[in-house]
Amino acid sequence: MFREAFEENDMDGISKMSLKDISTSLAEKRLSSVELTEYYINKAMNYESDTGIYITECFESAVKKAAEVDKMRMNGTELSVLAGIPFGVKDNICTKNIKTTCASRMLENYLPSYNAHVIDRLSDSVILGKTNMDEFGMGCGCENSYFKKIRNPINDDYVCGGSSGGSAAGTARGFFSFALGSDTGGSVRLPSAFCGVCGMRPTYGRVSRNGLIAFASSMDQIGPIAPNIYDLALVMNEISGWDSGDFTSSKTAVPDFTDKIEHGVKNMKIALITELNSKVSEESLKSVIDSAVCFEMAGAKVDEIILPSLKYALAAYYIISSAETSSNLERYDGVKFGYSSEKYNTLDEMYRHTRAEGFGREVKRRILMGTFVLSREHCDMYYEKALSVRRCIKREFESIFNEYDCILAPASIDGAYKIGENKEISDIYSEDLLNVPASLAGIPSVVLPVGKRKNGMPTAVQIIGKPFDEKTILRAAHALEGELNFEKCL
Amino acid sequence: MIDILKLADLAKLYISEDEKLLFSDDLENIISLVNSVAEFDDNSVSGCSENAVNSECLRNDLVKKSFDREKILENAKEKTGEYICVPRSF
C-alpha cells in the first residue's frame with residue numbers, strides 16, 4: 001500500500017536506491033519495511049544455489065520485526081534513521097536468541113543471552129541474518145568457515161575476501177541495505193575491496209566492542225559495510241559512541257558523519273606512503289595514482305612520504321594478534337558453553353579433545369603461534385619487540401598527521417585471488433600487509449572501489465585518518481567517489 | 001626446531017601425528033615471516049607505555065541485576081540444578 005514510488009513488478013527500483021533514499025521512502029511512508037524486507041528475502045531465495053552468505057537466516061523474525069516497525073511508524077513513534085531497514089550481521093556479533101557461531105564448530109549451537117551493544121543501538125532496524133566469515137575472524141579469503149564457502153559475487157572463481165566475507169558479498173549482491181563486519185587486521189576493508197563495496201574500520205574505541213566475540217582485543221573493531229560512502233556515514237552515526245560495557249570505548253563526542261561530507265578536498269593535504277605503494281601490483285598502484293590525480297584536480301595537495309617502521313608492521317601484527325588469540329580462546333574448554341567432545345575420561349582430556357575437534361586448522365595454527373611467542377624463551381624476542389614496533393608505528397603516524405589530513409593507500413596487493421589457489425601460509429598472511437598498519441595504530445580507515453582490473457575484478461583504495469577523525473576520511477572518500485564515477489563491476 | 005608437542009600441551013590442544021608435521025611446517029613458515037622484528041631497534045621507543053587506559057572511561061562499581069542464571073546455563077553441556085557438571089578432576 002505504500003509503494004507509490006515503484007511499479008508493481010519493478011522491484012529492482014529498490015536495488016538502485018541508496019540507504020538514504022530507502023530511509024526517506026520509509027519515513028515518507030512511500031515504502032513499508034515489510035515490503036522492503038520481503039524484497040530482500042525473495043532476492044536471497046531466488047538464487048538457485050546457496051551463495052554461502054548467510055550462516056543463519058532470520059527471515060521469519062525479520063518480517064515480524066518489519067511489521068512491528070511499520071506499525072510504530074503508522075502510530076507516529078519517533079524512530080531512528082535506519083528504522084525498518086534490513087541489514088546483515090557478521091556471525092561474531094552477539095544477537096540475543098539468534099545463533100552466533102563465529103563460523104566455528106566450537107560455537108555451532110551457541111545462543112547468546114544478550115545483544116552486542118551495536119545491535120541494541122540498531123534496535124529498530126531489521127536483522128535479516130548472520131553472515132558467513134572466516135572462523136573466529138581469522139583469514140583473508142573467507143575460505144576458513146566451518147560451514148560453507150562463499151564465492152565472490154563478481155566472479156565465482158575468486159574469493160570474496162575475509163574475514164567479513166558474508167557481509168561484503170551480501171552487500172555487493174544487494175541482499176541487504178548495509179551490513180556490520182569486524183576488522184582486526186583488515187577484515188572489513190579487504191572483503192570490501194575484493195567485492196567492490198565500501199567498508200570502514202572506525203577508530204579503536206569509537207564503536208563499542210561489547211558483544212563482539214574476541215579475536216585480538218587490542219585491535220578488534222566493529223565497522224560498517226555499505227554500497228556507497230554516504231551510506232557508511234549514516235550507519236556510523238547510529239553505531240558510534242561510548243558504552244559502559246566496553247572500557248576501551250571512548251567518550252569522544254560523536255559528530256554527524258554526513259555533515260559537510262560533500263564539501264570536497266580543496267586545500268586538504270594528503271600523503272602517499274612510499275613503502276605501501278612499492279608492495280602492490282601495477283594495477284593496484286595505478287588505482288592509487290589515478291586517485292591521487294583526482295584529489296589534486298579537486299584542489300588537494302598530495303605528497304609522497306615515508307613510514308620507516310612499516311617493514312615490521314606485518315610481523316608485529318601477526319605476533320600480537322596470535323598472542324591475544326591464544327589468550328582469548330582459552331575460554332573454549334567444553335564446560336560452560338560451546339562444543340564439547342565425547343572422547344574423554346578426565347577433565348584435562350575433555351579440554352584437549354574439545355579444542356582439537358572444535359577448532360579448525362587456521363585457529364589452531366594461531367593458538368600455537370600465540371603460545372610460541374608468549375612462551376618464556378621467546379616472549380622478549382617476539383612479543384615485547386612487536387609491542388615496541390607498534391608504539392613506533394603509532395608515533396610515526398602521529399608525526400605524519402601533524403602535517404597531513406589523511407593518507408591515501410592501496411587497499412589490496414593485487415585484488416581478489418582465485419579460490420583454492422595454492423598459497424604458502426606466509427603469502428596468505430601477506431594479503432594483510434596494507435591493512436595492518438592502521439589496525440596497529442588504532443586509527444580509522446575507509447575503503448572504496450575505484451575501478452576495474454583487466455580480469456574484471458574491482459580495484460580499491462583506502463584512506464587512513466587521524467584518531468577520531470572519521471569525518472575527514474569520509475569527506476575525502478565521498479569526493480573521490482564523485483570524481484571518479486567509477487564503473488560499477490556488478 | 002619447534003617443539004610442537006610442547007606448544008600443543010601448553011595450549012591444551014590434542015594434535016595427531018599427521019597434524020604434528022603439518023603444524024611444524026606451518027609454524028616454521030610463519031616464524032620466518034615474523035623474524036624481521038628481531039632486527040628492530042627498540043631503543044627509540046623504550047619507556048613509552050602501551051595504550052594507557054583512559055581513566056575517563058572507567059566507571060564506578062555499581063551493583064546491577066545479573067544475567068538470569070537459567071539462561072546462562074542453557075548453553076552448558078551438562079548441569080544439575082544451579083551448577084555445571086564436569087568430569088572428576090581428582
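In which helix of chain A does L19(A) lie? In this predicted model, L19(A) belongs to helix α2 of chain A, which covers residues 19-27. The residue counts as buried, at 2% relative accessibility. Beyond its neighbours up to four places away in sequence, L19(A) touches L82(A), I85(A), S177(A), F178(A), D231(A), L234(A) and V235(A). A further pairing across the sequence is that of L19(A) with F176(A): the two are 157 residues apart along the chain, and their C-alpha atoms are separated by 9.9 Å.

Leaving aside neighbours within four places in sequence, R331(A) is in contact with A214(A) and F337(A). F178(A), listed above among the contacts of L19(A), is 153 residues from R331(A) in sequence and 32 Å from it in space, C-alpha to C-alpha.

Attention now turns to the nonpolar interior. In soluble globular proteins, nonpolar side chains tend to be buried together. Here the largest nonpolar core has 85 residues, and F295(A) and I463(A) are those with the most contacts inside it. Helix α8 of chain A, residues 229-239, contributes the largest share of this core, with eight residues. Apart from this core lies another, of 78 residues, which includes M138(A), F372(A), F401(A) and L13(B).

I289(A) is placed in helix α10 of chain A, residues 282-297. With a relative accessible area of 45%, I289(A) is partly exposed. An α-helix has 3.6 residues a turn, so residues three or four places apart point the same way.

Charged pairs come next, and the count over all chains is 24 salt bridges. Two of them share D259(A). In one, K260(A) forms a salt bridge with D259(A), and the closest N and O atoms are 3.6 Å apart. In the other, the side chains of D259(A) and K471(A) meet at 3.5 Å, N to O. D259(A) lies in the loop between α8 and β7 (269-273) of chain A, whereas K471(A) lies in helix α17 (residues 470-484) of chain A, so this pair ties together parts that are 212 residues apart in sequence. The three residues are partly exposed, with relative accessible areas of 44% for K260(A), 34% for D259(A) and 24% for K471(A).

What does D26(B) meet in a salt bridge? Its side chain and that of R365(A) come together at 2.7 Å, N to O. The pair crosses between chains, from D26(B) in helix α2 (residues 17-34) of chain B to R365(A) in helix α13 (residues 361-374) of chain A. D26(B) is buried, with a relative accessible area of 7%, and R365(A) is buried, with a relative accessible area of 7%. Through shared partners, salt bridges join R361(A), E362(A), R365(A), R366(A) and D26(B) into one network.

Chain B itself contains three helices and two strands, and from the N terminus on its elements run α-α-α-β-β. Of the 90 residues in chain B, 27% are buried. The chain exposes about 6,800 Å², of which carbon and sulfur atoms supply 51%. Besides the salt bridge of D26(B) with R365(A), chain B provides L13(B) to the core of 78 residues, where residues such as M138(A) and F372(A) are also found.

How values were computed:
Residues numbered from 1 in each chain as written. Chains lettered and ligands numbered in written order. Predicted model: local features only at pLDDT ≥ 70, side-chain atom pairs only at ≥ 80, totals over all residues. Heavy atoms only, no water. Helix = DSSP H or I, 4+ residues; strand = E, 2+ residues; numbered from the N terminus. Buried < 20%, exposed > 50% of the residue type's maximum accessible area, 1.4 Å probe, protein only. Areas by Shrake-Rupley, 256 points an atom, 1.4 Å probe, with all protein chains shown as cover. Core = buried A, V, L, I, M, F, W, Y, C linked by side-chain atoms within 4.5 Å. Salt bridge = Lys/Arg side-chain N within 4 Å of Asp/Glu carboxyl O. Contact = heavy atoms within 4.5 Å.
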